[in-house]
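Hi,

Here is the structure I said I would pass on. Have a look at it first, and then read my notes below.

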Amino acid sequence: MGLSYIASMFSHGSSVNANMYEALKLFALGTLMELGRRFCKWAFERFKIRYSISAQFNQGDPAYEWLLNYLTQEKVWNHSQEFIVSAASSQLQCGINLDSGMSAEYIPKYDTPHLFQWKGYWAEIQKMESFNGAGVSHSAHQRPSGGSVLLTMYTRNINALSSLVEEAHFRYLEGRRPHVIVHSIDFHHSASWNVVKRKNRRPLESIVLSEGSLAKIVQDVADFLQTEEWYIQAGIPYRRGYLLYGPPGTGKTSTIYALAGEFGLEIYSLSLSSESVDDNTLHRAVSALPKHSILLLEDIDCAFPSRDHEEFDDVYAWTTHRQKTKTGVTMSGLLNVLDGVGCEDGKLFFATTNYIDRLDPALIRPGRVDMRLEYKLATKSQTFSLFSRFYSRHPGSALVSVAPPISSYPTPPESPVPSHPATPPPSADRDGLAVTFTSLVPEEEFTTAELQGYLLSYRNNPKGAVWHIQEWVKAERIERERRRRALDHARVGTKAATGDRPSKVR
């Protein structure tokens, strides 16, 4: 009975049969179209894999800088249509070079793909999304903000990609010779080394230190860079730590920049006093350092102030100072990246401080800090060298590389500051002026930065610099005494406001 019922439906429902037939045709057509779409996608993916090579370059990695610097030199960005315009600065930019003397830089947006040809190969570069998935706006002072770029070369030859990267690396090394490259982190955008600045190299000869100090550290760095195999064979971690300490303005940071320029090293500068830095951020940043680079931590005492230094003579004063130097980095986290499991081999660690006695002994023990170099206020020898080199290009001057012995300087007057400035001999050459100038500057009372600032006021007048030096010394002493009294008054006011707190900070 069931079969007869179905047969009756087909015999008496011609309209139903037609609808079912049309539905079956549509189903078959849709199935064929979906199969065709999937086949085309499959074939396209196989074609793409077969005839192109892709490489991802992550921001913060040195290869990222090589590639973008190379593409800038090759003028790949010149065909861009959307730009960010910013005032010219020392920061490395991946823009177009319209004129070497222009006051603005034209940085292209990297949202759209850029197609270019390299040695017969077609290639394409495009910005990728950020690592954390969050959209980050472009900044005129950053490369493609958001993490990385994707390079696609339409060839099956992997050697083409390798050749492009090696040439980019060579061009990068050649282009940085006149400069020192300084990397830092903009924590508002990411935790990678995403800010790159370019500074002119500073000759070692321009660094005026106490006798033998500069030669000692230069030789130590040279030995370290040349003895990697020895470190490996001896089973000693291949890293080196330096602590430069002394009053501000004595040349600590200048020494590091001069060493970086002399040996072609790049500087990675990190401030531990930033609230955005914690142990994880520090570990990721240090892990990304390439071999033979400098990790610079300036004013390291500011991140971990001592609890028993005489400056903090009560709990309130120490707490106030500690609140001004908030940091998420712990001492154990810092020690871990210096010589723990998080430490990277092949790096040179430089730290600077104005107060070595504020540092924890565990931070500066051998193995973490291998060499300490003390910077003092300017000696007679340093003063002579500074004056001589400052006016080395002055007409009529003769180059001098060694300062006379201390006994050869004229004996200063008995009074600290004579009422009338000394008059240099009218016919004195630069060497004679240097001797006179040195004799009138008190030893170990001023920094080389202070003396250099004074000499800048007379950069074309060495005789004027000698003529007015005693007036300057007197004025500086008066200003120092004024600042000292103001500081004492402020401390007395702080103690009066906080009440009697006789207990020392322990």
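How many salt bridges does the count come to? The answer is 16, taking a salt bridge as a side-chain nitrogen of Lys or Arg within 4 Å of a carboxyl oxygen of Asp or Glu.

Before the details, a word on where the values come from. This is a predicted model, so I kept local features to pLDDT of at least 70 and side-chain atom pairs to pLDDT 80 or more, while totals for chains, interfaces and linings use all residues. Residues are numbered from 1 along each chain as its sequence is written, and side-chain values use heavy atoms, with hydrogens and water left out.

The overall picture

The protein has 15 helices and 13 strands. These are DSSP runs numbered from the N terminus, with helices (H or I) of at least four residues and strands (E) of at least two. Of its 506 residues, 40% count as buried; buried means under 20% relative accessible area, exposed over 50%, and partly exposed in between (1.4 Å probe, protein chains only). The protein exposes about 28,200 Å², and carbon and sulfur atoms supply 54% of that (Shrake-Rupley method, 1.4 Å probe; for residues, only the protein chains shown count as cover). Among contacts with a separation of 6 or more, 73% come from residues 24 or more positions apart, a contact being heavy atoms within 4.5 Å.

Salt bridges

Glu-74 and Arg-171 meet through their side chains, 3.0 Å from N to O. This pair links distant parts of the chain: Glu-74 is in the loop between helix H3 (62-73) and strand E2 (83-87), while Arg-171 is in helix H4 (residues 158-176), 97 residues apart. Both partners are partly exposed, Glu-74 at 36% and Arg-171 at 25% relative accessibility. They also belong to a network of salt bridges that links Glu-74, Lys-119, Glu-167 and Arg-171.

Towards the other end, Glu-445 and Arg-477 form a salt bridge of 2.8 Å, N to O. Glu-445 sits in the loop between helix H12 (430-440) and helix H13 (448-456), and Arg-477 in helix H15 (residues 469-498), 32 residues apart. Arg-477 is partly exposed at 26%.

Helix H15 also holds both Arg-484 and Asp-488, four residues apart, about one turn of the helix. Their closest N and O atoms are 3.0 Å apart in a salt bridge. Arg-484 is partly exposed at 41%, as is Asp-488 at 31%.

The nonpolar core

Which residues touch the most other members of the largest nonpolar core? They are Ile-217, Val-221, Ile-267, Ile-294, Leu-348 and Phe-350, out of 29 residues in that core. A nonpolar core here is a set of buried Ala, Val, Leu, Ile, Met, Phe, Trp, Tyr and Cys residues joined through side-chain atoms within 4.5 Å. Elements that each supply at least two residues include strand E7 (179-184), helix H7 (252-263), strand E11 (294-297) and strand E12 (348-353). H5 gives the most, with six residues. Leaving aside neighbours within four places in sequence, Ile-294 is in contact with several residues, among them Ile-256, Leu-265, Leu-348 and Phe-350.

Aromatic rings

There are 14 aromatic pairs, counting rings of Phe, Tyr and Trp (its six-membered ring) with centres within 6.5 Å; planes under 30 degrees apart are stacked, over 60 edge-to-face, and the rest tilted. Tyr-242 and Phe-350 are stacked because their centres are 4.6 Å apart and their planes at 15 degrees. Tyr-242 lies in strand E9 and Phe-350 in strand E12, so the pair ties together parts 108 residues apart in sequence. Tyr-242 is buried at 0% and Phe-350 is buried at 1%.

Tyr-454 and Tyr-458 make a tilted pair, 5.2 Å centre to centre with 50 degrees between the planes. Tyr-454 is buried at 5%. Both tyrosines belong to one aromatic cluster, whose other members include Phe-387, Phe-446 and Trp-472.

His-292 has a positive phi of about 60 degrees although it is not a glycine. It lies in the loop between helix H8 (279-287) and E11, and is partly exposed at 27%. Glu-444 has a positive phi too, near 55 degrees, in the loop between H12 and H13. Glu-444 is partly exposed at 41%.

Cheers
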